[in-house]
Amino acid sequence: MIERTPVLNFVTHAVLFIGLAIAFVPMWLVFVAATLSLQEINTPPISLIPGSHLWDNIAEAWTRADLGVKLTNSLIMSLAVAAGKIAIASITAFAIVFFRFPGRMVAFWLIFITLMLPLEVRIVPTYAVAANVFSPYQAILDATGLSWLWQQLTGTELALEWNLLNSYTGLVLPLVATATGTFLYRQFFLTVPEELLEAAKMDGAGPMRFFREILIPLSITNMAALFTIMFIYAWNQYLWPLLIVTDRANHGTAVMALRQLIPMTGDSTGGGVPDWNVAMAGCLIVVAPALLIVALMQRFFVRGLIASDK
Amino acid sequence: MNRILLTGATALALFFSGAAQAQQRIKVELWQGLTGDLGSAVEEVCQRFNESQKEFEISCPTQGSYDAAVQNAIAAFRAKKQPTIVQVFDAGTLDLMLSDAFVPARRLMEENGYKIDWANYFPGIANYYASGKGELFSFPFNSSTALFYWNKDAFAKIGKSEAPKTWQEVEASARALKSAGYGCPMAINHDTWTLLEQFSAIHGQPIATKDNGYGGLDAELVINKTKFVDYIKFIKKGLDEGLFKIKLPETGANIVQAFASGDCQMMMSSVADHGTVGKTAKPEMQWSVAMLPVLEGTKRLNSLVGGASLWVLSGKSKDEYRAAAAFLNFIAKPESELFWSTRTGYIPVTKTGFQHLKTQGFYDKPQYKGRELALESLTATEVTPLSRGIRLGGFIQIRKEMRDALADIFAGKVSVEEGINAGVERSNAILRRFEKTYAGKQLL
Amino acid sequence: MDRRAVFKTAWIGGLLLAPQLLLVFTFFYWPTGAALFWAFTLERPWGGGNEFAGLDNFRMVFSDAAYWGAVWRSMVFALGSTALAMGLALLFALFCDRQLRGYKAYQTMLIWPYAVAAPAAGVAFRFLFAPEAGVFAALNKIHPDFWNPSVNGVHAMILIIVAYSWKYLAYNFIFFLAALQSIPRTLIEASAMDGSGPLRRMWDIQFPLLAPTLFFLLVINLTDSFVDSFGIIDLTTGGGPSKATTLMVYKIYFDGFKGLDYSGAAAQSIVLMLLVMALTFVQFRYIERRVHYR
């Protein structure tokens, strides 16, 4: 399109530049703060030009919060959550969209209601489940008298136990157990033309073959989008890891480690001195991998979103 | 050749027996709520215990904060994954005391064959963690009390060489400091531990009916009818006149930092911060500590202990209890207390520990000088019903309500009376709710 | 949403659904049930018995002025952050979609904040807005307490709204831009040939076509602001000063985990849950219809 709108073009650039500033300036200031010495950072006005202490601060933040281990943990957790979500979401959505069987709508609603209640508001009981994943089933068996029956028949006590505290499984499973990805996949599968399925059926393809050979290749961008979203969702988790990990030295995650870098609010004991330069350096390290993922996957990410939105 | 073989074999045998022994060590966990330097100090204590014997091995992971240590321990207890020992701060005491979730200190030690002289614990410290009859439930560990910190250099500028003993003197000094050009004569925060709890104890003012709750769960807050109201009015006036300044961690400088950096010339804070101030203040800065000031014409009573104690949780094995008892016995030894007090600003909790520190010349060393005042403050008088401690349910929430009330008052949003009355009303609702939750339970 | 061409092998469908159903039951329904149970009892934190309380917990919650304060502040936060994050995102997306020179760079950078963890954003903004070290430190030197979120509740609220919106600005931008890009270019070109200028086209064509996205984002933003604010508040203001930034979810966390009042927190959770459910239901109905008419 060829149009001459110089004034509007100028306004456009100005507005976008402001947008850029809004997105970028805080990051820049955080970066600058991470390069200053403690004294420089506590002297107003706030500096706009980087100093020379970046590596010192990074090293200090790295050792203080033991970020090597934490980043590895975060990475493992995020990859597992992303992969788990993709696997679960795709097969669930597949069953919901392409099958017709009794109870389907009930199952569908059971899954979708989970979108409504975030982990934050049911975290204590969820913790109890994570401590023994089988506890709900044990309770059901106990209540129905099946445990008793088992004891009578075999002479052994029925005690199911699977403890997830301080484990990657514990970090991952409850985060996988929601419907976000399922929703995305369902939206996408609904857009798959019916002719495709009819053609496949005519070729004699069974459901699994249809899934493997047609749906999966079709949903690559969708997968990439979901992967990005879920990776970042998991990477940025805060409250759940805080609770389920008691062995912070070995199983702590990177975002949790932020707490170790700044004095907590409302804490009257322990005279923590906020050295913002180190805290900001830590912030940079913790945020970098997620930023990198979004920067690298951006094309897939946006395209995937568009695809699933149609 | 033979010889080499032999040594090789011996080494191998030794190696295996060593490995076997290492495997046999009974492992227990202590969940602590301290972090940073103080957290490392606790870990060093655990390390020392592990090195002192071969039978047990304790690990002491931090949970991030006092609150988190309690939260996580509760969640873990409900899931039957609790640690053997947990560090619980003063305000979390009553919830645990009313539960069946712990093994009382005395029973634990008796069952494991340790003879502890319970009278050896300072009564001012032990009473906080004991039943109404004085039987210890948990082990006092990191104990502190509040002290008054003052900058000697600044006071020299106004011609004073002594710490103020009364609040009237504090006010006069603050005025003089302000005229001398000091922007922040005294740093104040919203901490109820110093402003409300310590103040009430040393002034003999009740915080709640029923001897601050020791007499029953139906206690009610009464701080809107005591000298506390006048005291807060006094503080508020000082704030309005610029004699006191609010310093909070939320925005960069808490009172300890503001004092250590020389920005503020006086503050009230825990003796545990003595080490922090020493480490972070400029070496040439002259400062000292004193007992908290009192209002003119008041007879000083003992101050309250703060910090946390170690609770042994129920539902663990005999071996784990043996390990716990050994550890708790270890930390009560005078040498351990010396290490602990040297490494941190916390005070010894037993009389023998205090004696040991004294004979070792601990309090004569310049960097520790003044810390004995904490014990003097805690033992200033015989413990009275009002300075014994505070036994109120939901005390974590009550502290929060009162802190919010103070914040509102100091920010000028409400008058002193309005603020305190509102805080009291809300706190009493919390107390009633707590009473209902524990209906049928009796205080021990 | 019904398709004509489907598989009818029920057992395979059931099998495929099983993993998610198991996960959802174990980690969602069971814990939610427990929370529901607590809401009607007085639960002792360390266990050892609970008292049936009927509706007492709800009565207590609803008669508590502090609770309504939290509700009110949640509304302020929800509306403030949604307006800020959506308004700016829409503006930037519309202009970015004009695809002038360099728009790709803008587009890239505007998406980045989406990757930043809420707690990290909280920590960063806490520093940037710290009265003694941050952006406003110089102004505070001239005029003390010109800006001080640790004392001034309004400042604290602005702080968390800004920190939160900063992240959600990027989120909304992604969706707006995606929606704009899905509008057929031919439509816009046709309109241009009819002689309407860029602003006219924005208003007449793009804006109306954005309505579904707008609505979708509105609901998402409102919902998330109720539940996703925890990390930012915890690391920024801690709910203070006084209770100025204690939103509903933070109050639940505080009462339940710090205050050890599980039952009160559970009752509040149920209320929040109903609220979020209502919003999600609206959204779901709407999206369902949208899929239909597209």
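In this predicted model, 86 residues of chain A are in contact with 88 residues of chain C, two residues being in contact if their C-beta atoms, placed from the backbone, lie within 7 Å. On the side of chain A that touches chain C, the most is given by helix H17 (residues 276-309) of chain A, with 15 residues. Helices here are DSSP runs of H or I with at least four residues, strands are runs of E with at least two, and both are numbered from the N terminus. By class, the residues on that side of chain A comprise 63 nonpolar, 14 polar and nine charged. Ala, Val, Leu, Ile, Met, Phe, Trp, Tyr, Cys and Pro count as nonpolar, Asp, Glu, Lys and Arg as charged, and the others, Gly among them, as polar.

Residues are numbered from 1 along each chain as its sequence is written, while chains are lettered from A and ligands numbered from 1 in the order in which they are written. As the model is predicted, local features need pLDDT of at least 70 and side-chain atom pairs count only at pLDDT 80 or more, whereas totals for chains, interfaces and linings use all residues.

The model scores ipTM 0.79 and pTM 0.84. pLDDT is the predictor's confidence in each residue, from 0 to 100. For chain A its mean is 79, with 88% of the residues at 70 or more. Within chain A, confidence is lowest in helix H2 (residues 38-41), at a mean of 73, and highest in H4(A), at 90. Over residues 265-271 of chain A, pLDDT stays under 50, and the model has 23 contacts beyond four places in sequence for this stretch. Chain B averages 87, and 94% of its residues score at least 70. Residues 1-21 of chain B stay under 50 in pLDDT, and for them the model has one contact beyond four places in sequence. Chain C averages 82, with 95% of its residues scoring at least 70; confidence there is lowest in helix H12 (residues 262-293), at a mean of 74, and highest in helix H3 (residues 65-96), at 91.

Chain A has 17 helices and zero strands. Of its 310 residues, 50% count as buried; a residue is buried if 20 or more other C-beta atoms lie within 10 Å of its own, exposed if 12 or fewer, and partly exposed in between, with C-beta atoms placed from the backbone. Among the contacts in chain A with a separation of 6 or more, 76% are between residues 24 or more positions apart.

One helix pair in chain A can be followed in detail. Two packed helices are described by the angle between their axes and the distance between the axes. The axes of helix H10 (residues 180-191) and helix H13 (residues 220-235) of chain A come within 11 Å and cross at roughly 160°. Axes are lines fitted to C-alpha atoms, for helices over the stretch in contact, and angles run from 0 to 180 degrees between N-to-C directions. The crossing angle therefore makes H10(A) roughly antiparallel to H13(A); angles over 145 degrees count as roughly antiparallel, those under 35 as roughly parallel, 65 to 115 as roughly perpendicular and the rest as oblique. From H10(A), the residues Gly181(A), Leu184(A), Tyr185(A) and Phe188(A) meet Asn222(A), Leu226(A) and Met230(A) of H13(A). This contact has five nonpolar, two polar and no charged residues.

Met230(A), in helix H13 of chain A, counts as buried because it has 25 C-beta neighbours inside 10 Å. Its contacts, leaving aside neighbours within four places in sequence, are with Val81(A), Ala82(A), Lys85(A) and Gly181(A). The C-alpha atoms of Met230(A) and Gly84(A) are separated by 9.5 Å, although the two residues are 146 residues apart along the chain.

Most residues other than glycine have a negative phi. Asp66(A) has a positive phi, near 50°, and is found in the loop between helix H3 (54-64) and helix H4 (67-98) of chain A. With 15 other C-beta atoms within 10 Å, Asp66(A) is partly exposed. Phi of Asp211(B) is likewise positive, near 50°, but Asp211(B) is found in helix H10 (residues 209-212) of chain B.

Chain C comes to twelve helices and two strands. Its C-alpha trace spans about 75 × 75 × 30 Å along the principal axes, and buried residues make up 53% of its 294 residues. Helix H5 (residues 118-128) of chain C is mostly covered, with eleven of its eleven residues buried; among them are Phe125(C), Arg126(C) and Phe127(C).
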